[in-house]
Amino acid sequence: MGHLINEISRIKGIMGIISEGESQFDSSEKKTIDDFVDFVKKELNINNDVEVKLQNDKDGIKTTAVYKYKDGEDEKFEDSEIRVFTLGRALVDVLRSIAHELVHHKQYEDGRLEVKPPDIGGEIEDEANAKAGQFIKMFAQKDQTVYDE
């Protein structure tokens with residue numbers, strides 16, 4: 001399925017429907033995303049900025065999102081960044097992925113993410129999942145459009 005999605009994204013890029021790596025969200029949804037990122041950064045008291053990249057391809061992403069931090073293992077990434085796969089995903093799902101990865105960024109800032117955590121379970125991953133859900137609900141109290149399709 002992942003190969004098919006990547007191939008569809010590639011063909012759309014060639015046809016100029018959606019440029020490779022670009023998000024499918026309109027300007028209003030992009031503003032909501034920007035507002036949400038600012039909200040979560042403030043809630044987490046993040047000290048070091050991290051770039052959030054939305055993309056319709058899975059370049060550098062194995063699942064739905066990835067947090068990359070400068071750890072010397074991956075020379076391709078010079079600075080910490082979050083990449084989120086957006087193609088065909090609801091806004092609220094993308095926001096949850098962003099929040100999850102921002103929690104990992106905070107864990108890294110606090111010295112709690114020194115090695116890559118397991119993809120399933122464990123304190124680090126469970127905290128990121130729980131806080132991401134909390135941040136969605138908190139933000140939705142101010143902006144119910146996150147649940148629009």
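N56 sits in the loop between β1 and β2, where strands, like helices, are DSSP runs numbered from the N terminus (strands are E, at least two residues; helices are H or I, at least four). Keep in mind that this is a predicted model, so local features need pLDDT of at least 70, side-chain atom pairs count only at pLDDT 80 or more, and totals for chains, interfaces and linings use all residues. Residues are numbered from 1 along each chain as its sequence is written, and side-chain values use heavy atoms, with hydrogens and water left out.

So is N56 buried or exposed? N56 has 1% relative accessibility, so it counts as buried (buried is under 20% relative accessible area, exposed over 50%, partly exposed in between, with a 1.4 Å probe and protein chains only). Its side chain makes a polar contact of 2.8 Å with the side chain of T86. The N56 side chain also reaches the backbone nitrogen of L87 at 3.2 Å. A polar contact here is a pair of N or O atoms within 3.5 Å; within protein, one must be able to donate a hydrogen and the other to accept it, and residues adjacent in sequence count only if both atoms are side-chain atoms.

Now look at β3, residues 81-85. Strand β1 (residues 51-55) runs parallel to β3, joined by 5 bridges, and E51 has E81 as its bridge partner. Strand β2 (residues 65-68) pairs with β3 in the antiparallel sense over 4 bridges, with Y67 opposite I82. Strands pair if DSSP finds at least two bridges between them.

What about the faces of β3? Both are covered: E81, R83 and F85 are buried on one side, I82 and V84 on the other. Because 5 of the 5 residues of β3 are buried, the strand is largely enclosed by the rest of the structure.
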